[in-house]
Structures are given as structure tokens and as C-alpha cells.
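Okay, everyone, thanks for coming. Have a look at the screen, and I'll talk you through what I found.

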Amino acid sequence: MEFFQYDFMQRALAAGLITAFLCPLIGIFVVVRRQSLIGDGLGHIAFAGVAAGHLAGIYPMAGALLLTLGGAVGIELTRRRHAQYSDMGLAIIFYAGVAMAIIFSTMTKMPSSGLLSFLFGSIVTVSLQDVGLIAAAGLLVSGILFVWHKPLLLSSFNEDIANVSGIDTGRVNMIFSILTALVVVVGMTIVGILLVSALMIVPVAAAHSLRLGFKATLGWAVGFSVLSVTAGLLSSFYLDIAPGGTIVMTAIILYVLIAVVQTWRENKV
């Protein structure tokens, strides 16, 4: 295939598949915890980190990672302080991210095209260094999720029962926030800061429509995510359109198709 003759598309596909695997792993817990907008909040922090990193003369993704990790910790600490209004912490970090992004983007001399590539994604410009960082982040997130799977699952469904069972929910929640921040930074390279939350949520929503168990839902979500990235990347290559938007729209089309089929089946029964 012509697609595989180009080195930049090979790198794009490798980075995309890693991200497609990671996003639902975190996304399914985000959905269970009813924090579907956390990706957007951290995304704005990541954008501020990109601008701040360029302003400080360091690798933009490193700046995004540092500031996003700080934002994740801030969300969790604020959530603990206002336990009955857990979305308040997310809102505060969201607005802080927007404000810092505006301030840093006006201070930096980074070209507007560079900032836009982080906002909307620029998968075709992914370097070998980016692929290496994405792969390392993928191994780290996957390993931690494997070790902390049961405590995270129980605390996501019912934090009170998790506490009674002896699980340190404070530590589990903090780890989850940090992992989410890592996935947001990884995903922004593929679909952009504005769309990374969609890749975490939409494949999970599509799999959830099948009304299966947790493990089966996770498996289908990963499959839908991989299909969305692969089909979206191929479509963007041959149609010469933006890959980030194409990937997310492919995921949304899958969700709509599955929802329509499931509704038809339920009405038929």
C-alpha cells in the first residue's frame, strides 16, 4: 500500500495504535467515575504547558507533561476538599488552564502553526523521539493499571465500599489522576488537545452500548479505538484532510451505528 511507503505515516500509525490502546484503558474508568470532562480540563492545562515549555526553552511536550501532572494533582486535592461537589475541582483547573494558555500563548514567540498542531493534532509530524516517549508512557500506564486494576475498579464503582475494604482510596485516586494526565499528553500528539477527551470517551461509549460486562466492554472499546485511529488515519491520508478530526469522527460514526443497531434490536424484541 502507498500508505506504508512513507516513513512519517509509519511513525504516525505506530503512535496512533499505542494511543488507541491507551485511551480506552483510562477512558472506561473515567466513564465509570462520571468524570468524562476531565480530559478537557487537563487538555487546557497541557496547552498552557506547551506554550510555557516553549517560553522556557524546553521541549514543549515536557512542559505539557509537567504542568498537566500538576493539574491532575490539583484536581484530586480540590476534589477531596469539596467532596460533595467533585466537579468543582475540575472546573477550577479547567478555568486555570484556559487562563494560563491565553497568557503563555501571548508571551511566547512560538509560531501559530506550532500551537495549532497541538490544539488540533499533527500525527503526520510525529518524530521517532515522540514515538519513543509515547511507547514509554504506554508501558508505564499499562503496567500501573495492571497492578492497581482491582483497587481502581472498586474505588471507581463505590468509594465507600473500597474504604471499608481497606483500600487507600486517596492514593488510588491520585494515581488515577496522574495516569489520566499522562494519557492526555500522549493523546494530544495524535488528535490534538481539543479532541483527546473524545478518543478517551467515545469508543467506551460505543462499547457500553453493547451492554456487556466490564472486561468485554473494555475489550470492545479498545477495538473500536484502534479501528477509529486506523480508519481515520487512512482516510485523512487519501482524502487529504485533518487526521485528528477524522479519527474522532470515525469513532462517533461507530458509536451512532452501534446505537442505531442496538435500538433496532431492542424494539424488535
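This is a predicted model: local features need pLDDT of at least 70, side-chain atom pairs count only at pLDDT 80 or more; totals for chains, interfaces and linings use all residues.

So, let's start with I75, which sits in helix 3, residues 60-81. When I say helix, I mean a DSSP run of H or I with at least four residues, while a strand is a run of E with at least two, and both are numbered from the N terminus. I75 has a relative accessible area of 5%, so I75 is buried. Buried here is under 20% relative accessible area, exposed is over 50%, and partly exposed is in between, with a 1.4 Å probe and protein chains only.

Residues are numbered from 1 along each chain as its sequence is written, and side-chain values use heavy atoms, with hydrogens and water left out.

Now the whole chain. How many helices and strands are there in the chain? There are 12 helices and zero strands, so to speak α all along the pattern: α-α-α-α-α-α-α-α-α-α-α-α. Of the 269 residues, 47% count as buried. The accessible surface is about 13000 Å², and 68% of that belongs to carbon and sulfur atoms; that's the Shrake-Rupley method with a 1.4 Å probe, and for residues, only the protein chains shown count as cover.

On to contacts, meaning heavy atoms within 4.5 Å. If you take the contacts with a separation of 6 or more, 75% of them are between residues 24 or more positions apart.

M174 gives you an example to look at. M174 lies in helix 9, and at 17% relative accessibility M174 counts as buried. Which residues does M174 touch, not counting those up to four places away in sequence? They are V73, E76, L77 and R80.

Staying with helix 9, residues 169-191, we can see how helix 2, residues 38-56, packs against helix 9: the angle is about 65° and the axes are 9 Å apart. The axes are lines fitted to C-alpha atoms, for helices over the stretch in contact, and angles run from 0 to 180 degrees between N-to-C directions. From helix 2 the contact uses I38, G39, L42, G43, A46 and V50, and from helix 9 it uses T180, A181, V184 and M188. Those residues divide into seven nonpolar, three polar and no charged.

Last stop, the end of the chain. UniProt, in an unreviewed entry, lists "transmembrane region" at several places, including residues 218-239 and 245-264. Those annotations may be inferred rather than shown by experiment. Residues 218-239 are 100% helix, with end C-alpha atoms 31 Å apart. Residues 245-264 are 100% helix too, and there the end C-alpha atoms lie 28 Å apart.

S236 is in helix 11, residues 214-239, and S236 counts as buried at 7% relative accessibility. Leaving out residues up to four places away, S236 touches I241, A242, P243 and T246. Then there's Q262 in helix 12, residues 243-268. Is Q262 buried or exposed? Buried, because its relative accessibility is 12%.

Technical notes. Ala, Val, Leu, Ile, Met, Phe, Trp, Tyr, Cys and Pro count as nonpolar, Asp, Glu, Lys and Arg as charged, and the others, Gly among them, as polar.
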